[in-house]
2 protein chains.
Amino acid sequence: MALKRMGIVRDYEKIRTFAVAIVGVGGVGSVTAEMLTRCGIGKLLLFDYDKVELANMNRLFFQPHQAGLSKVQAAEHTLRNINPDVLFEVHNYNITTVENFQHFMDRISGGGMEEGRPVDLVLSCVDNFEARMAINTACNELGQTWMESGVSENAVSGHIQLMVPGQSACFACAPPLVVAANMDEKTLKRDGVCAASLPTTMGVVAGVLVQNVLKFLLNFGTISFYLGYNAMQDFFPTMSMKPNPQCNDRNCRRRQEEHERKAAEQHTPEAGQGEEEEEEEVVHEDNEWGIELVSEVSEEELRRSSGPVPDLPKGITVAYTLPTQHQDPAPGVAVEDSGESLEDLMAKMKNL
Amino acid sequence: MALKRMGIVRDYEKIRTFAVAIVGVGGVGSVTAEMLTRCGIGKLLLFDYDKVELANMNRLFFQPHQAGLSKVQAAEHTLRNINPDVLFEVHNYNITTVENFQHFMDRISGGGMEEGRPVDLVLSCVDNFEARMAINTACNELGQTWMESGVSENAVSGHIQLMVPGQSACFACAPPLVVAANMDEKTLKRDGVCAASLPTTMGVVAGVLVQNVLKFLLNFGTISFYLGYNAMQDFFPTMSMKPNPQCNDRNCRRRQEEHERKAAEQHTPEAGQGEEEEEEEVVHEDNEWGIELVSEVSEEELRRSSGPVPDLPKGITVAYTLPTQHQDPAPGVAVEDSGESLEDLMAKMKNL
């Protein structure tokens, strides 16, 4: 493998030993699955309840003759033809219902390369808040590292975000981070709104997402915690965000405590202890799902709500704000700037 | 169209009236063609002499069952199925031979939406110096705007570049700009070297290329003259470069003079003059091809040559340098910085 000979990756063949779950096999998820398939990933678990429609043809991957098929079935057929060495496990359901959520949890915790072992990474390529929050809840409970991706409704911005439970902000720690559009737009998809879509933006987001996956799994380069893409200005802001000690998700707070304890223990290290903790059995608490908490707030209430925008690096903002009287806006969240000042950005724009 | 309703693009349907030529239907060119097909482009002209190989399956687009077919034939078949409304014109030849170069010139100057009119844009998605220089020569002679794209041999960086003859640096004005790898690597492909490839990097480069094409054709957002992608650090440097008044390409110098004359005339405008100049007949000079000049320097000589690296924005460097005793290194080339200082970059890296 040329990547190895060129000194980029120490052991590229290791890619065959990893299992990745992809939730949402639409404009971003399908291209993500194709890239991982062509990279020679060991196993892909695909989750989607949708069908291929002719209206999807302005995105990459699906073909008109696949219209009417379930997205996971159509994707599996195409991907198997491309690389028959990849193992596929597809689930044609909505992960946010109670029954399916349990099955989704079971599969990401037990559907790894070796049955009974967890997957190596979960990728969120969904287009709605509820599904993202369900993935967040599952991954916090399981201590499962995952990556988020999104494209704005106006199709000209997108982002990826790495979530390591306890170490980086989870999806419930603060309102979701999105790329500042400098336009009066709601950026996370809401029911009943027809979103624009461009294969370009989705291709770029899938590309930087899978690049981050390769860097994470094969241990090369710098892994981005948050990478935004503003297509109007070709601007790519980066940042990272610490978890919120007052996060609504109980398992996020638990993972933060674990992480702090581990960090403290590293000053007085004991042999083998790290490995033992990795094997720790995950206890599933049936009555503690964050998605139920979230559904207390109606779409209408979310739309009406407004509050102060937290201090974020230029080019990044929040999908929405919460009024201070209901809830403190992400107290204690520590934001690390990507080092881009407004002056830098202005100079960049001016020179184009 | 949602993009129109959202105020991003004034007249998206205009996309159907444009013809785009793509030279090189490999890892970047095939995805570029698919994106434009799904965006509803009017006409695509594809140029490639290569065949699909099983070794190409680590890039997007082509499928194993297409191995052995010519790339343009396989691409046309797939793309027609995706969007039968697009007009396709494919040429299975190498544009750098004398006979084919003449035909290539004829088709980009006469194969537009209306036969006899030029295409609206030429995209270079080739992987070698000679083909890039041939496109550069043709576009300078015809005054044809084009965009360059490239992926490094180590597969972890790439770039796109917009060339407007007379207004921005052409491919012969200075050694080609590439993304600084911070590694001891030759970055433009040379014969006999097996390059690494990643569908991720190629997908990102195709995505930002076609995004730039859409912005150029549909007149929205900020068009990038140069956009680099450093996948190791998720760093995307931008810059623009003025043409070299001492460029070796005679037609580049002629276009610069035309551009300066036009700019001067804009101070004392005459009605209708601008339109008349657009219609100007292109005179093809048989004995003035830049590609012949380039072939005077052997691969071996290029490899041995070295010289000072010009002052460029951080993150961008030149593919190679020329020794000062043979040629002045791009005299008079004016570089505009993207506004990123080394300190900014360091701060960005540190925060990840």
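Figure 1. Glu148(B) forms a salt bridge with Arg132(B), and the closest N and O atoms are 2.6 Å apart. A salt bridge is a side-chain nitrogen of Lys or Arg within 4 Å of a carboxyl oxygen of Asp or Glu. Glu148(B) belongs to strand β5 (residues 146-151) of chain B and Arg132(B) to helix α5 (residues 129-142) of chain B, so the pair ties together parts that are 16 residues apart in sequence. Helices (H or I, at least four residues) and strands (E, at least two) are DSSP runs, numbered from the N terminus. Arg132(B) is also buried, at 3% relative accessibility.

Residues are numbered from 1 along each chain as its sequence is written, while chains are lettered from A and ligands numbered from 1 in the order in which they are written. Because the model is predicted, local features need pLDDT of at least 70 and side-chain atom pairs count only at pLDDT 80 or more, whereas totals for chains, interfaces and linings use all residues; side-chain values use heavy atoms, with hydrogens and water left out.

**Figure 2. Salt bridges within helices of chain A.** In helix α2 (residues 29-39) of chain A, Glu34(A) and Arg38(A) are four residues apart, and they are therefore separated by about one helical turn. Their side chains meet in a salt bridge with an N to O distance of 2.8 Å. Both Glu34(A) and Arg38(A) are buried. A second pair, Glu258(A) and Arg255(A), lies in helix α7 (residues 250-265) of chain A, three residues apart, about one turn of the helix. The side chains of Glu258(A) and Arg255(A) meet in a salt bridge at 3.1 Å, N to O. Glu258(A) counts as buried at 14% relative accessibility, and Arg255(A) counts as buried at 8%.

**Figure 3. A network of salt bridges in chain A.** Four residues, Lys43(A), Glu89(A), Arg107(A) and Glu115(A), are linked in a network of salt bridges. Over all chains, the structure holds 20 salt bridges.

**Figure 4. Cysteines without disulfides.** The structure holds zero disulfides over all chains, a disulfide being a pair of cysteine sulfur atoms within 2.5 Å. For Cys252(A), the closest cysteine sulfur is that of Cys173(A), 3.6 Å away, which is too far for a bond. Cys252(A) is buried, at 0% relative accessibility. In chain B, Cys170(B) is in no disulfide, and the nearest cysteine sulfur, in Cys247(B), is 3.7 Å away. Cys170(B) counts as buried at 6% relative accessibility.

**Figure 5. Contact of helix α6 of chain A with helix α2 of chain B.** The axes of α6 (residues 199-218) of chain A and α2 (residues 29-39) of chain B come within 9 Å and cross at roughly 140°. Axes are lines fitted to C-alpha atoms, for helices over the stretch in contact, and angles run from 0 to 180 degrees between N-to-C directions. Pro199(A), Thr200(A) and Gly203(A) in α6(A) meet Met35(B), Arg38(B) and Cys39(B) in α2(B); contact means heavy atoms within 4.5 Å. The residues of this contact divide into three nonpolar, two polar and one charged. Here Ala, Val, Leu, Ile, Met, Phe, Trp, Tyr, Cys and Pro count as nonpolar, Asp, Glu, Lys and Arg as charged, and the others, Gly among them, as polar.

**Figure 6. Asn83(B) in a loop of chain B.** The loop between α3 (71-82) and β3 (87-91) of chain B contains Asn83(B). Asn83(B) is buried, with a relative accessible area of 15%. Its side chain reaches the backbone oxygen of Thr37(B) at 2.9 Å. Apart from its neighbours within four places in sequence, Asn83(B) is in contact with Thr37(B), Gly40(B) and Phe88(B).

**Figure 7. Pro165(A) in a loop of chain A.** Pro165(A) is found between β6 (157-163) and β7 (177-179) of chain A, in the loop, and counts as buried at 13% relative accessibility. Apart from its neighbours within four places in sequence, Pro165(A) is in contact with residues including Cys139(A), Asn140(A) and Arg255(A). The C-alpha atoms of Pro165(A) and Asn136(A) are separated by 9.0 Å, and these residues are 29 apart along the chain.

Note on methods
Buried < 20%, exposed > 50% of the residue type's maximum accessible area, 1.4 Å probe, protein only. Polar contact = N/O pair within 3.5 Å; in protein donor to acceptor, adjacent residues only side chain to side chain.
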